[in-house]
Amino acid sequence: VLCHDYTFSRTGADKRRASKLTSKDIRKIKLKNNEKPPLLHEVLRKVTKTPLYIEAKGGGWATILAETLHEFKLTEYSVLAYDHSELSTFHNLMPEVRCYALTQTNPIDIISAARARGFYGIDINFWLLNPLTYYLAKRHKLDIIVYTVNRSSLAKLLFFLYPDIAITTNFPNKLQHLRDRALLKAK
């Protein structure tokens with residue numbers, strides 16, 4: 001199931017932990033937009049050409065996610081996780097998928113962990129990005145994603161200081177113009 005938070009209380013009215021619910025229970029939840037929470041396979045059917053970043057949470061998901069992704073012939077997707085052991089298990093099952101180690105605390109440790117496990121890159125809070133982190137990640141050929149950048153001015157500053165990063169945001173519609181501008185420069 002796709003659910004960013006531990007519960008559906010922000011997008012619906014259900015305060016139970018999503019991890020404790022069955023798929024049948026989840027399908028009964030009504031979201032604020034009057035829809036039901038989407039299941040991963042439903043989304044994968046619709047996003048055949050859209051690059052997809054899947055943040056896997058908790059534990060015990062590696063085999064299930066690998067089996068699900070094997071069913072779909074998508075060309076661009078990546079998996080991100082705070083649980084580096086589980087992410088490593090997934091990476092061993094699907095080495096062709098780009099895997100990113102997430103952290104909220106120590107960017108130097110995450111670079112070491114990503115290198116040791118053969119991950120494609122790191123995903124860190126934008127507050128943790130600094131010249132040393134950027135240099136070390138680039139030196140070791142690791143991609144850098146920063147989260148969660150919700151202001152256009154901050155995104156512009158980050159792209160100016162660190163031109164070879166990707167950002168995630170809660171407001172893609174507000175930052176789309178930056179992506180479009182970057183794509184034009186690349187041509």
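Me: Is His-91 buried or exposed, and what is its relative accessible area?
Reply: This is a predicted model, where local features need pLDDT of at least 70, side-chain atom pairs count only at pLDDT 80 or more, and totals for chains, interfaces and linings use all residues. Residues are numbered from 1 along each chain as its sequence is written, and side-chain values use heavy atoms, with hydrogens and water left out. Buried means under 20% relative accessible area, exposed over 50%, and partly exposed in between (1.4 Å probe, protein chains only). His-91 is buried, with a relative accessible area of 12%.

Me: In which helix is His-91 found?
Reply: Helices are DSSP runs of H or I with at least four residues and strands are runs of E with at least two, numbered from the N terminus. The buried residues of the helix spanning residues 84-93 include His-91, Phe-90 and Leu-87. His-91 is found in helix α4.

Me: Which residues is His-91 in contact with, leaving aside its neighbours within four places in sequence?
Reply: Contact means heavy atoms within 4.5 Å. With those neighbours left aside, the contacts of His-91 are Val-97, Cys-99, Arg-117, Gly-118 and Phe-119.

Me: What covers the buried residues of α4?
Reply: Those buried residues are His-84, Glu-86, Leu-87, Ser-88, Phe-90 and His-91. Their cover includes α3, β4 (77-81), β5 and α5.

Me: Which residues of the largest nonpolar core touch the most other members?
Reply: A nonpolar core is a set of buried Ala, Val, Leu, Ile, Met, Phe, Trp, Tyr and Cys residues joined through side-chain atoms within 4.5 Å. The largest one has 44 residues, and its largest share, four residues, comes from helix α3 (residues 62-70). The members that touch the most others are Trp-61, Leu-69, Val-79, Phe-90, Ile-122, Leu-129 and Val-146.

Me: Why is strand β6 largely enclosed by the rest of the structure?
Reply: Strand β6 covers residues 121-125. It is largely enclosed because the buried residues number five of the five.

Me: How many bridges join β6 to strand β7?
Reply: Two strands pair if DSSP finds at least two bridges between them. On β5 (residues 98-103), β6 pairs in the parallel sense over four bridges, and Ala-101 stands opposite Ile-122. β6 and β7 (residues 143-147) also run parallel, with Asn-125 opposite Tyr-147. The number of bridges joining β6 to β7 is five.

Me: Through which helix does the chain cross from β6 to β7?
Reply: This β-α-β crossover is right-handed, meaning that, with the strands pointing away from the viewer, the path from the first strand over the helix to the second runs clockwise. The chain crosses through residues 131-139, helix α6.
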